[in-house]
Amino acid sequence: YGADALQKLRAAAFDMVLLDILMPGIDGYGVLTQMKADAQLRHIPVIMISALDELSSVVRCIEAGAEDYLPKPFNPTLLRARIGACLEKKQLRDQERKTYEALVESQKLLAKELAEAAEYVTSILPAKVTKGPITTDWRFLPSTSLGGDAFGHHWIDDDHLACYLLDVCGHGVGAALLSISAINVIRSQSLPNTDFRRPSQVLAALNTAFPMEAQNDMYFTIWYGVYRRSTRQITHGSAGHNPAVMVAPGGRVTSLASKGPIIGMIEGMEYEEEAAPVPVGGRVFLFSDGTFELLKTDGSRMDYDEFEAHLGTPSGQRGDLDATIAWARDVQGGKPFDDDFSILWLAFA
C-alpha cells in the first residue's frame, strides 16, 4: 500500500526505494510525488518498477524525479547494477549536502564573528560631545563588514586636544586590525619618546612603529592635529592623507594641509607640521578619501576641491553630516559607497 510505504519512509532512514507503479490506494506516482514534496524524503533515490505496457507512466515518474526504472520481470544482474549506481549517486549527494551544510554553518559563524568585530571597531570610536566649548559629531559607513578607517580625539592635557583620522589601505579583517592597533597606540599615547602635542613627532613615531614589512605590506595614511585651547591655534601634520578643512562662520573654508609620506613606507622619515588660528565658531572637518573620490553619474570622479566647497555650504557650516551623506549619495546616483565613508568634525565655541 502506498500510504504504508510513506509511513515507513517517514519513520526510519532509507538509502533507496524500489517503487511499483501499480499499488493499492496511493499508486507509485502518488507516493513519488509526495516524497519529492517532503524535505525529509526528497533526497532518497527512487527506482520505478513497471510492466512494459506502462512506459508512458514511467516517463511521467522520471519527469517527477525518479532516478531510474526497471521493467517487470527484471533481471537480477541488471537490478544489482541499477541499485549500485543509485546508491553511489546518493552517497555523493549526501556528501555534497553535508559539505554544503558545513559551509553554511561556517558562513553563519563567520558572519557572527564579523558582526562582533564590526561592533568592537565602532565601540572604540569616540563618544560624540554635545555640550561644552568644543563639540563633536561623526559618521562611519564602512564599505564592507569591516572597514580600514578609524578616528578619534582626546585631551592630552588641560590645554591640548588631539584629533586624528587614519585610513588603512584595503578593507576587511587585516585593514581593521591595523587601524585598531594604530588608534589604540595614539589614544593610549604609548609611542616612546614622543610629545603627542607635536604632530611631526607623532607621525614619525607611527612610521617607526608600523613598518609595512611587519604589517603584511599594509600601510595607512593619517591626519593628526592638536588644538591648543589657550591660544586657539591648531597644529597639524599629515602622512599621505588628504587635508582637513576648517570652516569659519559665514562659510569661508581653509584647507589644513601639510606634506608627508604614508606611514610605514620609508624608514626614518621626518614629517612637517603647520599651524593655523581657529576662529570663534569655527568647525574643523577630518575625513577619509572615501567621502570625495566618488564616481559621478557621468562617469567622472569628484575631487577634494568639490567636497571642500560643499563643506562651506549652509549644511556644511551647520555640521549636518546626514545632509552631507545624502549629498554624496546623490552625486553617485544613489549607488553604495565603494570605499569607507568616514567624517568627523569638531566645533570650537
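**View 1. Lining of the largest cavity in the predicted model.** The largest cavity is lined by G290, E293, L294, L295, R301, Q332, F337, D338 and D339. On a 1 Å grid over the protein atoms alone, a cavity is a set of points where a 1.4 Å probe fits but cannot get out, and lining residues have an atom within 4 Å of a point. The lining divides into 3 nonpolar, 2 polar and 4 charged residues; Ala, Val, Leu, Ile, Met, Phe, Trp, Tyr, Cys and Pro count as nonpolar, Asp, Glu, Lys and Arg as charged, and the others, Gly among them, as polar. The volume of the largest cavity is about 30 Å³, where a volume is the space filled by probe spheres set on grid points joined across faces, edges and corners.

The model is predicted: local features need pLDDT of at least 70 and side-chain atom pairs count only at pLDDT 80 or more, whereas totals for chains, interfaces and linings use all residues. Residues are numbered from 1 along each chain as its sequence is written, and side-chain values use heavy atoms, with hydrogens and water left out.

**View 2. The parallel sheet of 3 strands.** This open sheet has the order β1-β2-β3 with parallel pairing; strands are DSSP runs (E, at least two residues) and helices likewise (H or I, at least four), numbered from the N terminus, and two strands pair if DSSP finds at least two bridges between them. Its edge strands, β1 (17–20) and β3 (68–72), each pair on one side only. From one strand to the next the twist averages 30 degrees; axes are lines fitted to C-alpha atoms, for helices over the stretch in contact, and angles run from 0 to 180 degrees between N-to-C directions. β1 and β2 (residues 46–51) pair in the parallel sense over 4 bridges, and V17 has V46 in β2 as its bridge partner. Helix α2 (residues 28–37) packs on the sheet, touching β1 and β2, and its direction makes about 140 degrees with that of β1; contact means heavy atoms within 4.5 Å.

**View 3. Packing of α2 with α3.** The axes of α2 and helix α3 (residues 55–64) come within 10 Å and cross at roughly 5 degrees. The two helices are therefore roughly parallel to each other, a term for angles under 35 degrees. In α2, Y29, L32 and K36 meet R60, C61 and A64 of α3. By class, this contact has 4 nonpolar, no polar and 2 charged residues.

**View 4. The antiparallel sheet of 5 strands.** An open sheet with antiparallel pairing has the order β4-β13-β12-β9-β10. Its edge strands are β4 (134–141) and β10 (253–256), each pairing on one side only, and the twist averages 20 degrees from one strand to the next. β9 (residues 244–247) pairs with β10 in the antiparallel sense over 4 bridges; in β10, L256 is the bridge partner of A244. Helix α9 (residues 321–331) lies across β4, β12 (282–287) and β13 (341–348), running at about 30 degrees to β4.

Terms used: Angles under 35 degrees count as roughly parallel, over 145 as roughly antiparallel, 65 to 115 as roughly perpendicular and the rest as oblique. On a 1 Å grid over the protein atoms alone, a cavity is a set of points where a 1.4 Å probe fits but cannot get out, and a pocket is an open set with protein on both sides within 12 Å along at least five of seven lines; lining residues have an atom within 4 Å of a point.
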